[in-house]
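Here is a friendly briefing on helix packing, the nonpolar core and a few individual residues. Please have your viewer open as you read.

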Amino acid sequence: MSKKSSTKVKYKGIPEDLTLDAARKWAKPRVTEKRFRHIEGVAAAGKEIAELAGEDEFLSELAGWLHDGCKEWKDKELVKAAQSYGLILNDIERENGHLLHGPVAAFVARDELNIKHQDLLDAVAEHTLGKVGMTNLSKIVFLADCLEESRPKDFTDPIWNALKNNPNKKADLDAAMLVACDLSLEHLIKSGRVIHIKTVDVRNYFLSLVKER
Ligand SMILES: [Fe+2]
Ligand SMILES: [Fe+2]
């Protein structure tokens with residue numbers, strides 16, 4: 001399987017007509033112009049990180065195009081949709097429906113675009129909260145969401161530095177995830193926002209991975 005980006009590839013579970021351009025066209029009418037520019041940035045960052053990490057550029061960019069397809073749905077709509085897809089929600093998710101925009105986008109993309117590639121769908125679903133044991137593709141999309149170019153430098157620089165901490169080696173996705181989780185937690189606390197228990201679990205997971213080396 002090619003690891004290079006392409007607009008026409010054969011991947012098991014991804015219809016052949018789901019090109020990067022088709023994914024871009026799927027995303028565009030679902031969001032505002034400003035959000036679309038963010039999505040464009042995440043797709044580009046995903047491709048760049050995948051190249052640095054020696055991972056699949058096409059899948060990383062494709063997930064970037066799809067990841068925020070439901071970002072502008074209302075909280076109530078997201079809760080209703082998540083429940084209709086069979087997700088069991090906790091109190092924080094029921095009260096903060098926006099936290100569900102990743103998992104709901106994965107279901108919507110699966111059904112509308114006929115995607116059966118589970119790692120791709122998981123990467124879309126996990127882009128906000130992450131997951132203990134997440135794949136490299138999921139890490140790339142999570143990091144791309146943090147690193148797209150409109151994010152503030154004091155947030156992105158430490159993550160890029162962790163990612164490229166050894167110029168002779170492939171990008172360090174786990175070290176970058178730890179920094180991204182720490183900075184996100186700091187931001188959530190400073191802005192008085194609720195913290196999903198997964199955010200803490202995922203941070204501790206990457207801390208143990210990085211410490212145990
Ligand atoms: Fe998002
Ligand atoms: Fe995003």
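At what angle do α10 and helix α11 pack, and how far apart are their axes? The angle is about 145°, and the axes of α10 and helix α11 (residues 197-211) are 9 Å apart. This is a predicted model, in which local features need pLDDT of at least 70 and side-chain atom pairs count only at pLDDT 80 or more, while totals for chains, interfaces and linings use all residues. Residues are numbered from 1 along each chain as its sequence is written, and chains are lettered from A and ligands numbered from 1 in the order in which they are written.

- Axes are lines fitted to C-alpha atoms, for helices over the stretch in contact, and angles run from 0 to 180 degrees between N-to-C directions.
- Helices are DSSP runs (H or I, at least four residues), numbered from the N terminus.
- α10 passes α11 in a left-handed crossing (the near helix is turned anticlockwise from the far one by less than a right angle; clockwise would be right-handed).
- On the α10 side, the meeting residues are D174, A175, M177, L178, C181, D182, S184 and L185; on the α11 side they are T199, V202, R203, F206, L207, L209 and V210.
- By class, this contact of α10 with α11 has 10 nonpolar, two polar and three charged residues (Ala, Val, Leu, Ile, Met, Phe, Trp, Tyr, Cys and Pro count as nonpolar, Asp, Glu, Lys and Arg as charged, and the others, Gly among them, as polar).
- C181 has its place in helix α10 and is buried, with 22 other C-beta atoms within 10 Å (20 or more make a residue buried, 12 or fewer exposed, and numbers in between partly exposed, with C-beta atoms placed from the backbone).
- Leaving aside neighbours within four places in sequence, C181 is in contact with T199, V202, R203 and F206 (contact needs C-beta atoms, placed from the backbone, within 7 Å).
- C181 and R203 are 22 residues apart along the chain, and their C-alpha atoms are separated by 5.4 Å.

**Helix α9 with α10**

- The axes of helix α9 (residues 153-163) and helix α10 (residues 173-190) come within 7 Å and cross at roughly 160°.
- α9 and α10 are therefore roughly antiparallel to each other (the term covers angles over 145 degrees).
- The contact joins F155, P158, I159, A162 and L163 of α9 to A175, A176, V179, A180 and L183 of α10.
- By class, the contact of α9 with α10 has 10 nonpolar, no polar and no charged residues.

**The nonpolar core**

- The largest nonpolar core has 60 residues, and V124, L143 and A176 have the most contacts inside it (such a core is a set of buried Ala, Val, Leu, Ile, Met, Phe, Trp, Tyr and Cys residues joined through C-beta atoms within 7 Å).
- Beyond its neighbours within four places in sequence, L143 is in contact with I49, I159, L173, A176, M177 and A180.

**Around helix α6**

- I115 is found in the loop between α6 (101-113) and α7 (118-125), and counts as buried with 21 C-beta neighbours inside 10 Å.
- N114 lies in the loop between α6 and α7, but counts as exposed, with 12 C-beta neighbours inside 10 Å.
- Phi of N114 is near 60°, a positive value in a residue other than glycine.
- Most residues other than glycine have a negative phi.
- P103 is in helix α6 and counts as buried, with 25 C-beta neighbours inside 10 Å.
- Not counting residues up to four places away in sequence, P103 touches A82, L87 and A125.

Methods:
Helix = DSSP H or I, 4+ residues; strand = E, 2+ residues; numbered from the N terminus. Parallel < 35°, antiparallel > 145°, perpendicular 65-115°, else oblique. Contact = placed C-beta atoms within 7 Å.
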